[in-house]
Amino acid sequence: MGRGALLRALLAFLLIPQALWAHPFHGSYAELEWSQGGTLDVAIKVIPEDLERALTSLAGTKTVLRDTPPVRALLVQYLDKHFRVLPENPSTQTQIVGMELDHRDTWIYFSIPATPNSAPRLRNTVLMDLEATQTNRVKRLWLPEAPVLVFSAAEPERDL
Amino acid sequence: MVLAGFLPSMAQAEGGAAAFAQLGHLLDTPTETRLASGAPGPGYWQQRADYAITVRLDDDKQRIEGSETITYHNKSPHALSYLWLQLDQNRYALGSDAYLTQTTSSFEELTYRRVASMLEQERFDGGTRIAFVRGEDGADLPYVINKTMLRIDLPTALAAGDSMKFSVGWSHNIIDATLISARGGYEYFDADDNYLYEIAQWYPRVAAYTDYQGWQHKQFLGSGEFTLELGDFDLAITVPADHIVAATGELQNADEVLSAEQLQRFNAAKEPGDQRFIVTPEEAKANESGRAKGEKTWRFRAENVRDVAFASSRKFIWDAQTVKNGGRNVMAMSFYPNEGEPLWSQYSTPAIVHTMEVYSRYTFDYPYPVSISVNGPVGGMEYPMITFNGPRPYEDGTYWDTRQKPGDTSGRRNKYGLISVIIHEVGHNYFPMIVNSDERQWTWMDEGINSFLQTLAEHEWEEDYPSRRGEPEQLIPYMISDRQVPIMTNSESVYQLGNNAYGKPAIALSILRESVMGRDLFDHAFREYAQRWKFKRPTPGDFFRTMEDASAVDLDWFWRGWFYGTGHVDVAIDNVQLYQIDTRNPDIEKAWQKDQEEAREPSVTESRNADMQRLVDRNPALEDFYNSYDEFAVTPWDYAQYESLKEGLTERELALLEEDHFFYAVTFLNKGGLVTPLPLRITYADNSVEELMIPAEIWRRDADKVTKVFIRDREITQISFDPQRRTADANEADNDWPRQIRPSRFQLFKESEQPNPMRRYDEEAWKQIIK
């Protein structure tokens, strides 16, 4: 981000009243599985108010987390940036499959075109843009005995 | 007894001894100060500090200036040549350790707010300015500031049992808590040009001096909140005359700071009864545009507290309800701006009352005269008698509730967020404000225990309350992750703070209560711990020991696994073998063998050769005795063998041969490493169900693999481990015999024909979008 972009970003920020952290649970949890159709299917659980803050910041305007076309478009934009399978195919895009929005557990379901053939890595920085201590846990369902991977600011990328 | 087969070895001596080893050296050696029972001993002591504080809030410069006289009582058996004070505001000083050691993710991925926050940290002129430190005689006392700590060097050592007075003058700028996450600060409201202040960790406070550590010497880096001495406080807070002030303690001069009408409401609210306004929303709204020229001083007194905090704004609505708690009146009060409505007037004060009612039942009566909830910029923070709670509705006044009624399309979110945070922060009055554990050392001792009680209170709020950390299964993603530290880790080094110090200990205690000790034993021991240590300073060992001492349950394995380890629960039913007694009665055994043979599935080759014309069919001359021999037919020789056997058996052995029992040898694997009780559900062929709880001690000799024999008089069709998800077992796929297929969450969602709750209630709006 260049100087001009940063200034514009700050200007946008100043126009948006920001909610503040109200909990110490800066974490997400995702379950991954490869599909027959050449996608990585993801079910990710997030704290809804955190995701709402992230989308608000991305949109530059107050965004309420609801299952609507504009929110889905924002989510795609956000996930394309913060949940990436590497090496990337630049022509592909995250597809939102659905959402379950609940105060206790909010789940987002999406698919990323990818195959397990190319020794893929995952870059998972979901909500790290909000909190430095954010940790994201990822369970690979094709390796049921393997430990859940933890992604953090110090380790945002890991082999799948 | 003769069995058809031989049972596998029951257990091998490996791992179990380590898992069940007594904690031993992991705990402090018991003394007459802290007993082996977990109780304070006859030699128990703790220091005390009484404060008289005068402070002025500068609403133009967002700054406070104050002075305090501290009476320090040395109750220890030691002479002290210096005293340490905490200057927590120095965490926000330029170049502080907190800032210097702060790390971040890739800059490109930061939100605007994070960038703005980093810039504010560089800009803000934070930190405490010490104006003076003086002895009782008015003479300056020498002092040294070491970052967030200040040492006063005493001219003469303070002898054991003596007291001394000294004074400190200080000032500091107030942080913008909307930019920098903090436990106190201000929020500016651009629409009406007003400030709202939540002031905390704001005055030089005497550090704890303890029997287990000496002076509390850990610098304040941000996570380990604080630990202080108990004492009495007289607090004089000078603010703009049109501000409303909430503070730790009882208001001493209501007649000087309130209008006549407010005073009448305030006095009426002191009597037990319904919730009522002292400052109405309309009055607070009108107050926003006023600008009083003068100032008023609000005076509060708080007894036996370890800290004081306050809030001030002309935007405050103020409601109150006085309730009985343990025979005394307690005034539950909420202070919030109109931005908090309509949530706050409906839920805040009831949540305070509910919290005190539930927590007191599990611990002790609430000992203070007031309990306050304030809405402002701080997301959630606790101080004695006063808490700061952040959730508000959206700007249009709506909020989110997934269980909204059909036809109500308002977007509602923060109802449960608000109720939960108030329960949590008010609950902190019990842990650690009264049960005064050391937050700089062990976050879990207050956050974990409090989160456990919070869940109990949430369960009593309404059916199906959406608690975020009430059920063991909610902790599984953390428990099976590959970057963990034990709960028994210093507050500043904890990794994944929320899960480690809040969630895991809370779930651990829940499992202890529901599945290890049982509610009666647990509740008695837990209450004993709270009663023993209220207004005292427990360490982890005091908690561990009390829970065992008061219940007669050896829990060392539990503390070792859950608090000192990073393993997780993952038990698999590895194998189930059925054994039945061989009666040796040829009529029974040969018939059974025949049934088994006939039940056997033919092989593919056997099936395909079934109609084959064989040589002996074409040439019967090739047949002999063995071609027509029935191997399952009972022969005289068989009867003779049976009679011979019976002649050699006693009557009891003969009776045993006639028992008709099923012997199921079930092998359990401990794949996660954390030993656990085994809650089992056994389903029988007649569809009856048996629930069984096997204590964790089944793993005491072999913590990796055990085989348990179940003797039943009926055939078992299914055995399930932990069907009620009470152990935080990580992998349900191997919990059943025979195995049950469980689709992934993603598959379940894709295959589901059911619309989610939002779509159910909002179909007209969304059915065109989501198929």
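This is a friendly conversation about how the terms used for this predicted model follow from its computed values.

User: What makes B:Gly503 count as buried or exposed?
Analyst: Happy to start there. B:Gly503 has 25 other C-beta atoms within 10 Å. The cut-off for a buried residue is 20 or more, so B:Gly503 is called buried.

User: Where does B:Gly503 sit, and what is it in contact with?
Analyst: B:Gly503 belongs to helix α12 of chain B. Beyond its neighbours within four places in sequence, B:Gly503 is in contact with B:Ser451, B:Arg469, B:Leu475, B:Tyr478 and B:Gly498. B:Tyr478 is 25 residues away in sequence, and the two C-alpha atoms are 9.2 Å apart.

User: Which residues have the most contacts inside the largest nonpolar core?
Analyst: That core has 209 residues, and the ones with the most contacts inside it are B:Ile237, B:Ala246, B:Ala247, B:Trp318, B:Met333 and B:Phe335. Helix α12 (residues 497-516) of chain B supplies the largest share of this core, ten residues. As for B:Ile237, it touches B:Val55, B:Leu57, B:Val245, B:Ala247, B:Thr297, B:Trp298 and B:Phe310, with residues up to four places away in sequence left out.

User: Why are β4 and β15 of chain B said to stand at the edges?
Analyst: The order of the open sheet of seven strands is β4-β7-β2-β1-β13-β17-β15 in chain B, and its pairing is mixed. β4 (129-135) and β15 (250-251) of chain B each have a single partner strand, so one side of each has no neighbour in the sheet.

User: How do you know that β13 and β17 of chain B pair?
Analyst: A pair needs at least two bridges. Strand β13 (residues 231-240) and strand β17 (residues 295-305) of chain B have nine, in the antiparallel sense, so they qualify as a pair. One of the bridge partners in β17(B) is B:Val305, which goes with B:Gly231.

User: What makes β8 and β9 of chain B a pair?
Analyst: Strand β8 (residues 185-189) and strand β9 (residues 194-199) of chain B are antiparallel and share five bridges, against a cut-off of at least two, so they count as paired. B:Tyr188 faces B:Tyr195 in β9(B). The hairpin has four residues between these strands, and B:Asp193 has a positive phi near 55° there.

User: Which strands make up the open sheet of six strands?
Analyst: In chain B the order is β16-β19-β20-β21-β23-β22, with mixed pairing. At the edges are β16 (276-279) and β22 (380-383) of chain B; each has a single partner strand, so one side of each lacks a neighbour in the sheet. From one strand to the next, the twist averages 20°.

User: How do you know that β20(B) and β21(B) pair?
Analyst: These two run parallel and are joined by five bridges. B:Met331 has B:Val370 in β21(B) as its bridge partner.

User: What is the reach of helix α7 of chain B, and how does it compare with the expected value?
Analyst: Helix α7 (residues 343-362) of chain B has 20 residues and reaches 28 Å between its first and last C-alpha, close to the 28 Å expected at 1.5 Å a residue. α7(B) lies across β19, β20 and β21 of chain B and runs at about 145° to β20(B). Its buried residues include B:Leu343, B:Trp344, B:Tyr347 and B:Tyr359. The buried residues of α7(B) pack against several elements of chain B, among them β19 (317-325), β20 (328-336), α8 (414-427) and α10 (444-459).

User: What makes helix α15 of chain B mostly covered?
Analyst: Seven of the eight residues of helix α15 (residues 556-563) of chain B are buried. They are B:Trp557, B:Phe558, B:Trp559, B:Arg560, B:Gly561, B:Trp562 and B:Phe563. The cover includes α1 (16-19), α12 and α14 (540-549) of chain B.

User: How far apart are the C-alpha centres of domain 1 and domain 2 of chain B?
Analyst: The domain assignment gives domain 1 as 48-436 and domain 2 as 582-601 + 615-657 in chain B. Their C-alpha centres lie 86 Å apart.

User: And how many helices and strands does chain A have?
Analyst: Chain A has three helices and nine strands. Of its 160 residues, 48% count as buried.

Technical notes:
Residues are numbered from 1 along each chain as its sequence is written. Chains are lettered from A and ligands numbered from 1 in the order in which they are written. This is a predicted model: local features need pLDDT of at least 70, side-chain atom pairs count only at pLDDT 80 or more; totals for chains, interfaces and linings use all residues. A nonpolar core is a set of buried Ala, Val, Leu, Ile, Met, Phe, Trp, Tyr and Cys residues joined through C-beta atoms within 7 Å. A residue is buried if 20 or more other C-beta atoms lie within 10 Å of its own, exposed if 12 or fewer, and partly exposed in between; C-beta atoms are placed from the backbone. Two residues are in contact if their C-beta atoms, placed from the backbone, lie within 7 Å. Domain bounds come from an automatic or database domain assignment. The expected span of a helix is 1.5 Å times one less than its number of residues. Axes are lines fitted to C-alpha atoms, for helices over the stretch in contact, and angles run from 0 to 180 degrees between N-to-C directions.
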